[in-house]
Amino acid sequence: MAGEVEKLDENEWWSRIQQLKQGSQQELIIKRNFGRDGQNTLANMAQNQGLYFHAYNKGKALVFSKVPLPDYRADLDERHGSTQNEIKMSTETERRVVNLLARSKDTSTQSSSTSTFTRAEKQPLSSMPISRSESSSSFDTMKEKFSSELRELQNSKKASLSAKAMLAFREKLPAYKLKDEFLKAVADNQVLVVSGETGCGKTTQLPQFILEQEIEHLRGADCSIICTQPRRISAISVAARIASERGESLGETVGYQIRLEAKRSERTRLLFCTTGVLLRRLVQEPDLAGVSHLLVDEIHERGINEDFLIIILRDLLPRRPDLRLILMSATLNADLFSRYFGNAPVIHIPGFTFPVAELFLEDILEKTRYKIKPEFDNYQGNSRRRRRQPSAKSDPLTEMFEDVDVDIQYKNYSLPTRQSLEAWAGGQLDLGLVEATIEHICRHEGDGAILVFLTGWDEISKLLEKIKVNTYLGNSSKFLVLPLHGSMPTVNQREIFDRPPSNMRQIVLATNIAESSITIDDVVYVIDCGKAKETSYDALNKLACLLPSWISKASAHQRRGRAGRVQPGECYRLYPKVLHDAMPQYQLPEILRTPLQELCLNIKSLQLGAIAAFLAKALQPPDPLSVKNAIEILKTIGALDDTEELTALGRHLCKLPLDPNIGKMLLMGSIFQCLDPALTIAAALAHRDPFVLPINRKEEADAVKRSFAGDSCSDHIALLKAFEAWKGAKRSGRERAFCWENFLSPITLQMMDDMRNQFLDLLSDIGFVNKSKGAKAYNHYGDDMEMICAVLCAGLYPNVIQCKRRGKRTAFYSKDVGKVDIHPSSVNAGVHLFPLPYMIYSDKVKTSSIYIRDSTNISDYALLLFGGSLMPSKSGEGIEMLGGYLHFSAPVSTLHLIQRLRGELDKLLQRKIEVPALDVLSEGIDVVAAAVELLHSQNVYQ
DNA sequence: GTCAAAGGC
């Protein structure tokens with residue numbers, strides 16, 4: 001059935017596609033011989049031509065067809081055929097299941113009545129009319145009274161002595177000098193873009209100017225100013241700063257609101273919140289009724305939430321002519337936002353930082369006399385050969401430098417420097433160079449902390465080791481070296497913020513976390529390796545990647561700025577100046593680098609119309625193929641129907657602040673009586689891994705995690721058991737010791753606990769849980785490992801891989817990308833044989849290989865009963881799933897029994913989703929018991 | 001054989 005595979009050049013494809021359209025041929029199969037960007041364009045254009053497109057075998061075979069294509073075709077897959085899994089059910093099990101099914105009530109007659117419910121639910125999600133009509137005269141009087149009260153209070157605070165000192169401080173900020181110009185621009189324009197460097201005071205002053213003016217003009221009661229921040233910590237700290245500048249306590253006129261935490265009151269007029277909080281609020285208030293001014297801060301960071309918000313706001317402005325929108329950005333790309341909003345005026349505020357001297361690789365080599373040794377695999381000494389054979393990993397920027405003629409470009413530099421530049425390989429960071437640079441600063445430059453930007457855990461750990469054995473830097477009475485990484489326990493410690501003893505120099509080895517999330521005050525020297533690990537999304541292979549790459553000029557600028565906060569500083573850049581000049585201006589916005597299913601669900605939830613059309617309005621619209629993939633997943637998990645409308649399940653998922661798969665897992669847990677485990681696992685997957693990665697005691701940490709997993713072959717169970725043990729330790733008052741001994745982060749665990757409560761509230765809001773019944777009513781199978789794994793399967797599907805025996809080991813295969821590996825941090829890493837034939841996972845990412853980060857070993861029955869829909873296989877003798885990728889064979893009676901049970905389960909589930917209050921235990925006890933019976937009689941894995 | 005960073009009514 002496969003047509004002949006053709007090799008085509010990129011410039012031939014268009015005419016061949018035209019031929020396909022006009023001729024009698026059914027399909028065209030192209031073997032890829034060009035880059036991925038070309039493929040995506042090709043795929044999109046072919047689809048515009050009305051042809052179906054699918055990529056097979058890691059995108060090596062591209063198929064265009066006049067008929068819809070299956071998403072798996074063994075004939076085009078060179079990697080492996082998918083194996084049949086033979087299901088052997090014992091007669092005893094079969095008899096029990098048949099009996100249980102016979103006892104179960106026939107639920108099919110009742111399900112028809114639910115359709116009316118579905119239709120009623122399709123009406124707008126919420127309509128909360130603001131009852132302006134009620135504004136009786138007494139209401140107006142109250143507001144007037146409140147407005148003048150606010151003004152009196154503001155004036156009395158201003159008069160106080162401390163306020164005068166505070167004002168003197170504020171007046172020194174660059175933003176203060178533009179106060180009048182800013183307020184006039186806000187009054188005259190609906191949209192305003194403000195650009196300003198760090199330290200200019202825009203975040204603390206501009207919202208405050210508006211607040212002061214509104215109160216002064218007796219509009220205090222009517223105004224509601226919102227300022228969004230991308231991070232929780234900045235929302236709190238900025239709000240606290242402004243409250244103190246106004247001489248008030250936090251939560252009076254100035255407050256904040258972040259997830260699970262708020263300090264605000266009836267009197268709050270200026271609210272700082274995370275962008276996510278505002279997006280959630282938009283579901284209830286699509287017009288932001290009642291908001292007078294909205295400031296969106298840090299938009300230059302181009303986070304997915306901010307980019308999403310901006311599309312919504314541009315559509316909203318005509319409906320809210322009285323709303324004022326102020327976009328705040330770093331200097332570099334303010335014009336981009338101005339153009340997006342119809343050339344909105346831009347105000348620029350100069351920054352206030354100390355000058356930072358810049359040194360590039362060539363200067364550093366000259367100063368340190370460090371000698372770069374040629375790379376082994378790349379080298380045989382002669383530079384011409386190096387140029388002709390660039391290492392496979394090298395990127396365009398590094399290649400660009402390989403073409404530079406060092407002797408000409410650097411003729412004013414010494415010979416050793418030129419030789420080192422010749423040997424420099426941008427593909428790999430030279431830690432010896434970093435060490436030499438640190439030592440140079442410590443020996444020859446003045447006092448002050450050193451901040452080193454590295455890409456990840458491994459580099460931090462190795463450099464730490466190098467410093468420890470360095471004869472000069474290893475002196476722990478003179479140098480305080482601190483690793484700073486999001487998953488290291490030190491992040492939660494205060495050491496980094498405490499000033500070191502005066503005779504010690506602090507050296508911080510950090511990831512990007514120190515670029516914007518954590519500020520270390522007394523940094524004078526920054527060493528920048530020029531790289532960061534960055535996610536990207538390969539739409540063709542439906543694969544997320546996390547690879548080190550060169551940072552943008554904007555990031556490099558931000559890193560440099562970290563040296564000039566307290567006094568003039570120095571920035572040592574471990575890459576040549578010509579490379580810096582060739583860096584991209586900005587990083588690709590997050591919306592172009594991430595899987596989009598959650599965003600797509602939010603678009604439907606906010607009723608913003610067709611997904612693709614909406615996203616096409618973005619500042620930089622995502623690849624249509626990425627959008628298509630996201631919609632495809634939402635359809636597979638049953639959140640969207642064929643017309644891209646929300647299903648009943650989809651509407652429930654909208655209410656949960658979770659990735660749709662994790663949300664579904666949570667709903668399934670509540671339905672199938674594993675509520676507590678589902679809450680815990682959902683919280684961990686949505687937030688972050690509570691296991692920390694200590695730098696010295698990695699093996700111990702690994703062993704602890706494995707002991708939590710027991711023999712479950714599941715990272716998810718390890719999370720669950722760790723959380724439960726923490727709860728126990730907390731009850732007995734030994735939380736701290738417990739966390740320390742078990743390499744767990746108390747902050748993360750506490751956050752998980754709070755999130756569990758939020759999820760429980762939300763499940764109660766949508767009717768799945770009746771809190772008054774107590775936890776016991778929803779945890780009948782809370783200790784049943786097979787049932788918990790089945791719930792994981794129900795939620796995380798189609799994230800499933802096959803485990804196949806290869807001699808004494810097991811190999812793993814996924815439908816989209818073929819062979820994958822278990823991530824070495826998983827409890828399943830290094831295990832050679834597994835009791836069950838599949839793994840379900842929530843995170844697959846390409847780094848040095850394609851890794852499944854967290855996995856749970858599951859049975860055929862878990863997949864058959866809780867996975868994707870069952871299709872009769874083409875041969876007619878079995879069942880297929882996942883577009884033909886998974887095959888199951890069994891005697892006809894077994895197949896029928898499984899299909900019948902699956903049918904009953906689906907019916908029960910559908911009714912429960914449409915009528916959430918339905919009691920599954922009383923309505924479907926026998927069907928669920930039959931499922932449990934099968935799950936417990938696990939097939940022997942061959 | 002490995003672990004960038006953020007975020008949610």
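Analyst: Gladly! One word to begin with: contact means that heavy atoms lie within 4.5 Å. This is a predicted model, in which local features need pLDDT of at least 70 and side-chain atom pairs count only at pLDDT 80 or more, while totals for chains, interfaces and linings use all residues. Side-chain values use heavy atoms, with hydrogens and water left out; residues are numbered from 1 along each chain as its sequence is written, and chains are lettered from A and ligands numbered from 1 in the order in which they are written.

User: Then which residues is Asn 661 in contact with, leaving aside its neighbours within four places in sequence?

Analyst: They are Ile 633, Ile 637, Gly 795, Leu 796, Tyr 797 and Pro 798. Asn 661 itself sits in helix 29 (residues 660–671). Helices (DSSP runs of H or I, at least four residues) and strands (E, at least two) are numbered from the N terminus. Two of those partners, Tyr 797 and Pro 798, are joined by a cis peptide bond with omega of about 10 degrees, and Pro 798 is in the loop between helix 35 (785–796) and strand 22 (800–806).

User: Why is Asn 661 called buried?

Analyst: Buried means under 20% relative accessible area, exposed means over 50%, and partly exposed is in between (1.4 Å probe, protein chains only). Asn 661 has a relative accessible area of 5%, so it is buried.

User: What makes Thr 511 count as buried?

Analyst: Its relative accessibility is 10%, and therefore Thr 511 falls in the buried class. You will find Thr 511 in the loop between strand 17 (505–510) and helix 22 (513–516). Beyond its neighbours within four places in sequence, Thr 511 has contacts that include Phe 453, Ile 460, Leu 484 and His 485.

User: Where is Leu 260, and is Leu 260 buried or partly exposed?

Analyst: Leu 260 is in the loop between strand 8 and strand 9 (261–263). Its relative accessible area is 35%, so Leu 260 is partly exposed. Leu 260 also has a positive phi of about 65 degrees, although it is not a glycine. Arg 302, likewise not a glycine, has a positive phi of about 60 degrees. That residue lies in the loop between strand 11 (293–296) and helix 13 (304–316), and Arg 302 is buried because its relative accessible area is 5%.

User: How do you know that the span of helix 6 agrees with what it should be?

Analyst: The expected span of a helix is 1.5 Å times one less than its number of residues. Helix 6 (residues 137–159) has 23 residues and should therefore span 33 Å; its end C-alpha atoms are 33 Å apart, which agrees. Its buried residues are Phe 146, Ser 147, Leu 150 and Gln 154, and they pack against helix 10 (202–216).

User: And how far does helix 32 reach from its first C-alpha to its last?

Analyst: The 17 residues of helix 32 (residues 715–731) reach 25 Å, close to the 24 Å expected. Among its buried residues are Ile 717, Leu 720, Phe 723 and Trp 726. Just after helix 32 comes Gly 733, with a positive phi of about 70 degrees.
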